[in-house]
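Dear colleague,

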Amino acid sequence: HFSREDSSPLSLIGVWMNANCQAQRAPLMSADNGEAYLIEPPVYAEVTGRRGDNVTLPCLLRNKPKHYKVKWTKLDPESMGVQNVVMMLSAQGYKPYGHLGKRASPRNAHAMDVSLELSHLTLEDGGRYRCELIDGIEDENVVITLSIEGLVFPYQSKHGRYRFTFHEAKQACAENDAILATFDQLYRAWTEGLDWCNAGWVHDGTVHYPIIQPRAACGEGLLPGIRSYGPKDKKRDHFDAFCFTSLAPGSVFYARGSFSYKQAELACAEKGAKLADVGQLYSAWHFHQYDRCDGGWLRDGSVRFPISNPRRRCGGVSEAGVRSFGFPDRNAHLYGAYCYR
Ligand SMILES: *[C@@H]1O[C@H](CO)[C@@H](O)[C@H](O)[C@H]1NC(C)=O
């Protein structure tokens, strides 16, 4: 699907390459036959990258106006009407703007290339970006979605179920190397197998839970799906959190032992590492198929273990996943440690 930011009919003349790399011209859909400068539909409607990757958001000129500027903007629903400009680009050069600008540059692969390169992707970079050609008379734009490849995990407070306000949920994800998932990310996680019987906050302040195997304990409804409570009171209502993370730059390893929480911290420190965050363990499980049948302390005080090849003697559940023992007494000498370096 291709998305357009507005419904202006100016530049609905599209040129693209077919499988044989011959340029094709779309039917003329604009009554006003204005010249179209940007190649549309966008070269890709969606670009995907993992945290840390460099990506290119493609935008190409088909004709070069004498005088022009190209403005790259991130379309943030949260910016409430304030334009989130990332980069301005013209024949003379470019100028980066804002915090994203620090990682932005033009690709400049050839004379007609006005593509945006973003380096060292972060979790927050996902979203829609607009490449807008400003040539003095008419503006044209294409919109490209940048999607961060990652995973969603449910997170519960150490004090039990449904203890987070919206802000606390956001904070809990941040403390675990993650951000609150968007609804789209939760939806995708559900298609990939996330089944969780507790409702959690997502990024826009709505509350949901994903069910693959409907069961009486998980509320009404016979069909699998995302059950939604809709928007909730961010200050008064309390739920769990759905966190989103992606590839982590370091790696997770297991320190064998029967440690208390404090000893587990020391065991990691001795190896030049720290106790892993929950998001880091999930990341290792998701991206590196990390599999270990031993409970280990994590930084938040929970004890978990990652299973990629489900087997009966490892928790007895038939699906892969990160299993949790909850938040045991920190003085219990029962577990090893998951360290991150
Ligand atoms: C990503 O971009 C940065 C800055 O432009 C560059 O220094 C780095 O080498 C690039 N990394 C990769 C993996 O291409």
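Which side chain has an N or O atom 2.4 Å from an oxygen atom of the ligand? Please keep in mind, while you look for it, that this is a predicted model. The side chain in question belongs to asparagine 54, and the residues around the ligand are this asparagine together with Ser119 and His120. On its own the ligand has 360 Å² of accessible area, of which the protein covers 26%.

Next come the charged side chains. As a general point, side chains that carry opposite charges can pair when their charged atoms come close. In this model the count of salt bridges comes to 14, and I have picked out some of them for you.

One of them joins the side chains of arginine 51 and aspartate 177, with 2.9 Å from N to O. Arginine 51 sits in the loop between β3 (46-49) and β4 (55-57), while aspartate 177 sits in the loop between α2 (166-174) and β13 (179-180), so this pair ties together parts of the protein that are 126 residues apart in sequence. Arginine 51 and aspartate 177 are both buried.

Another salt bridge links aspartate 76 with lysine 74, at 3.7 Å from N to O. Here the two partners fall into separate classes, because lysine 74 has a relative accessible area of 5% and is buried, whereas aspartate 76, at 26%, counts as partly exposed.

A further salt bridge is formed by aspartate 294 and arginine 292, whose closest N and O atoms are 2.8 Å apart.

Finally, please look at serine 302, which lies in the loop between β20 (296-297) and β21 (303-307). Is this serine buried or exposed? Its relative accessibility is 0%, so serine 302 counts as buried. The side chain of serine 302 is joined to that of aspartate 300 by a polar contact of 2.6 Å.

Technical notes:
Residues are numbered from 1 along each chain as its sequence is written. This is a predicted model: local features need pLDDT of at least 70, side-chain atom pairs count only at pLDDT 80 or more; totals for chains, interfaces and linings use all residues. Side-chain values use heavy atoms; hydrogens and water are left out. A salt bridge is a side-chain nitrogen of Lys or Arg within 4 Å of a carboxyl oxygen of Asp or Glu. Helices (H or I, at least four residues) and strands (E, at least two) are DSSP runs, numbered from the N terminus. Buried means under 20% relative accessible area, exposed over 50%, partly exposed in between (1.4 Å probe, protein chains only). A residue is near a molecule or strand if one of its heavy atoms lies within 4 Å of it. A polar contact is a pair of N or O atoms within 3.5 Å; within protein, one must be able to donate a hydrogen and the other to accept it, and residues adjacent in sequence count only if both atoms are side-chain atoms. Accessible areas come from the Shrake-Rupley method with a 1.4 Å probe; for residues, only the protein chains shown count as cover.
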